[in-house]
Amino acid sequence: MLKNKIDDVLYLVEKPSRYIGDEVNSVKKEITDDLMRFGFCFPDVYEVGMSHLGSHILYGVLNEIEDVYCERVYSPWMDLEIKMRERNIPMFTTETRTDIKEMDILGFTLQYELIYTNILNILDMANIPFKSADRTEEHPIIMAGGSCAYNPEPMAEIVDFFSLGEGEEVFVEIMDLYREKKKNNWTKDEFLSRVALIDGIYVPKYYDVAYNDDKTIKSFGPIDAKYPETIQKRIIEDMNTAYYPEKFIVPYTDVVFDRAMVEIFRGCTRGCRFCQAGMIYRPIREKSKDVIVETANKIIAATGYEELSLTSLSTLDHTDVKNTIVDLIKDNADEYVGVSLPSLRVDDIAVEVLQEIQKVRKTGLTFAPEAGSQRMRDVINKGVTSEDLDKTLSQVFGLGWSRVKLYFMIGLPTETKEDVGEIEDVGNRAVWLYKQVPAEDRQGSVAVTLSVGCFVPKPFTPFQWFKQNTLEEFKEKQFYLKDKILNKKIKFNYPDPKTSILEGVFARGDRRLTDVLIKAFELGCKFDGWQEHFDYDKWMEAFDSCGVDPQFYNRERSFDEILPWDFIDVGVRKEFLIKEYDNAVNAVVTGDCRDNCLGCGVNVDLIGREC
Amino acid sequence: MIILRIKYIKENNMKFLSHLELIKTLERAFRRMNFKMAFSQGFNPKPKISYAAPLPVGVETECDYLDVELLEKVDLKDLLDNQKDYLPNGLEFVEARYRDKSKKMMALITDSEYIVKLSTEEVYTKDSMQGKLDAFVGQREITYEKMTKKKKLKLVDVKPYIQKFDIVSIEDNQLTLKCMVTTGSNGNLKPEKLAELFCTYAEINRVEGKDRYRRVALYTRDRNKQLITLFEV
């Protein structure tokens, strides 16, 4: 009945194919009473969710377990949501169109702070109370993971338990325990008190927080000594033997990353000081060339994709990347399967690799110098010089590219007006470099896009103590740049800094934000990550009515303050972050830690080995 | 040059695919089937596949055709026998034949036949409905104002484009019709438009969002203007 109701509604909405499921390689299972049903929720639209590699991996991990059926759940776009609410259609799973309230566990992946209201929307559309305390035994257990879970506190009263770190192994352990729950008829509490003892699991209700008069945290800890004081993230030690799906789901509609994805390593050794991913995904763990090539070829065979993307942080840092790409191209060029890479660092290897890649298909090019001035690049430990930039751009222009996108940030610590201004210089320089290419080698007119984001300090980075720029400061810098850029060949892209401010609040937020979040949702906030739906005024109204000052979360913090996420151990030691903070302020470059161990502690503490 | 002509069904969930999504879905299916497809030249090579008559989102078909150009022949029995392993549910190949290079199919199509299901607000008897239908097709001309490409309104008479228009069944408020309409460059009438013109003329109120269309035949014409299928060309 629900299935037919949904079918009728799909005739009336935009891009219905994103809701039908039934894609090649999606999993079908017979529904039995023994089956543990898991709703894997990506609280954004299908096109975004399907582009997220981690979801594909965990979908595979869960469905490999015989008595587990993992189905996907995405946020419906506004037009469908309206129809669903009109016709009393509850939130449903993509695979079987089942009411998500019938799932045993709903797992939300937290990929960016600005989708938290969408989580509430999904729960609301399923008639599930927001707060853990208000839910009964009849409701599914709500869990969450993903990069934002490293500061779980803003969602602490909503989520029953968080999984920190890489999920391949811990998901199996969670489901093993859930099987026991089913068998023994445990209550939720009986389950949660046990799941809290699994490494990497955080059950917020077993932890208490007290505050000082100045609203900073006075103490934080477990309510019972049996629960761990600190929770260490989980990692997979050997990527070569780790689970990796070959039967990727092939979407019908155009998704954001509509291509085969092969992860080639985890972690990053570059040590960029602004970069949360570079800290939380440590240590570096590579897959071997043979494993990558074999996996890639299997994925192509199982999906029929026409493009293959190698994914990781700083992809070209893989020690055998050139040979890997050469092999992949050799294997696939006859079938016109192209190979693409995410944004590139600015260095020599990029050019060599690009020469290979363009043999099949020519893709757009994005480079990330991150900052305009050399001083700022030293502050953030980017390790890229102006000479590197010049050389790389000259070479790619010489190879026939005429369009490049350059990615920067403003609002970085110690930044001056001059530093911001130099972003424009980089753009001009790129245009000038293009004109140095002999006319006969040029392909059309040059187009340089300067994409300039607003910096958000994130937990577990050396910049976690820094004060974020205010709205006014961001705007002033954006206008300054906008006025300064006169070159017609340069396009200037910049976001509304209001979204960055809100992101900053939630990134470094604490439990007191749960009520703000619920209030904002009640006022109508959702899809906050979509500029056209983001309503800053409503958010401010929500903060106001909850008596919470957003500035409190964006302020500068002292090294001895208890941070809301201090009880989580990502493997990178606090002393290291403080040392790097000092280096940043003094514009000292420490460089890639492959060549020069900086003692972050991740290998020693997490795996028990030297780097 | 090897050209494989395939007649296919697109139904159930697959009706929600747009034409562009269908193209992508079939390209990927052919890759999974290990087809050695011929590709276009240039920066962004595309396999050479052409389609007879693109359908709008929501419309099913049991009779559409595509031509795919191959570098190596595939075994057609294997293709039909094993297709389920490669195609999503709702897409099915009914028939496949190798053919000589021919005119683009899109230019060949002259007629198409549809089953049209409408939900009416009132319940009609078959006789009264037949009366309405006879009166509708019996008009001297059936006209509407069409927006031209130059954004001007132009009166068109679609009566010559209605080859057949019959009642299949009436059950409660479910009216099922069958129509054959002219399709292609020498005149084109969409079944959605025909249903709209008929309902407006006969003062039939439809339940909104409940029209269902399914293409059941696609034809071209031979030298004697007789209907033939695209395999008979």
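**Notes on the predicted model**

1. Let's start with Glu370(A), which sits in strand β15 (residues 365-370) of chain A. Helices and strands here are DSSP runs numbered from the N terminus, with helices (H or I) of at least four residues and strands (E) of at least two. Glu370(A) is not a glycine, yet its phi is positive, at about 70°. With 8% relative accessibility, Glu370(A) counts as buried; the cut-offs are buried under 20% relative accessible area, exposed over 50% and partly exposed in between, with a 1.4 Å probe and protein chains only.

2. A word on ground rules. This is a predicted model, where local features need pLDDT of at least 70 and side-chain atom pairs count only at pLDDT 80 or more, while totals for chains, interfaces and linings use all residues. Residues are numbered from 1 along each chain as its sequence is written, chains are lettered from A and ligands numbered from 1 in the order in which they are written, and side-chain values use heavy atoms, leaving out hydrogens and water.

3. Phe460(A) is in the loop between β17 (447-454) and α15 (471-484), and its 6% relative accessibility makes it buried. The peptide bond from Arg282(A) to Pro283(A) is cis, with omega near -5°; Pro283(A) belongs to the loop between α8 (276-280) and β12 (285-286). For context, most residues other than glycine have a negative phi, and most peptide bonds are trans.

4. Now the overall build of chain A: 21 helices and 19 strands. Its radius of gyration is 24 Å, close to the 25 Å that the globule rule gives for 611 residues, so chain A is as compact as a globular protein of that length. (That radius is taken over C-alpha atoms, and the rule is 2.2 Å times the number of residues to the power 0.38.) Along the principal axes, the C-alpha atoms fill a box of roughly 75 × 65 × 50 Å. Of the 611 residues, 61% are buried.

5. On to charges: the whole structure has 66 salt bridges over all chains, each being a side-chain nitrogen of Lys or Arg within 4 Å of a carboxyl oxygen of Asp or Glu. One of them pairs Arg179(A) with Asp67(A), closest N and O atoms 2.6 Å apart. This pair links distant parts of the chain, 112 residues apart: Arg179(A) is in helix α6 (residues 170-184), and Asp67(A) is in the loop between α3 (53-64) and β2 (68-74). Arg179(A) is partly exposed at 27%, and Asp67(A) is partly exposed at 22%.

6. Glu169(A) and Arg234(A) meet in a salt bridge of 3.9 Å, N to O. Glu169(A) counts as partly exposed at 40% relative accessibility, whereas Arg234(A), at 13%, is buried. A network of salt bridges also links Glu166(A), Glu168(A), Glu263(A), Arg266(A) and Arg285(A).

7. Last, chain B: Lys146(B), Lys149(B), Lys154(B) and Lys190(B) form a positive surface patch. Patches take residues with over 30% relative accessible area and no salt bridge, joining like charges within 9 Å and nonpolar side chains (Val, Leu, Ile, Met, Phe, Trp, Tyr) within 5 Å. Lys146(B) lies in strand β6 (residues 143-147) and is partly exposed at 39%.

Key: Accessible areas come from the Shrake-Rupley method with a 1.4 Å probe; for residues, only the protein chains shown count as cover. Lys and Arg count as positive and Asp and Glu as negative; His and the chain ends are not counted. The place of a charge is taken as NZ of Lys, CZ of Arg, CG of Asp or CD of Glu.
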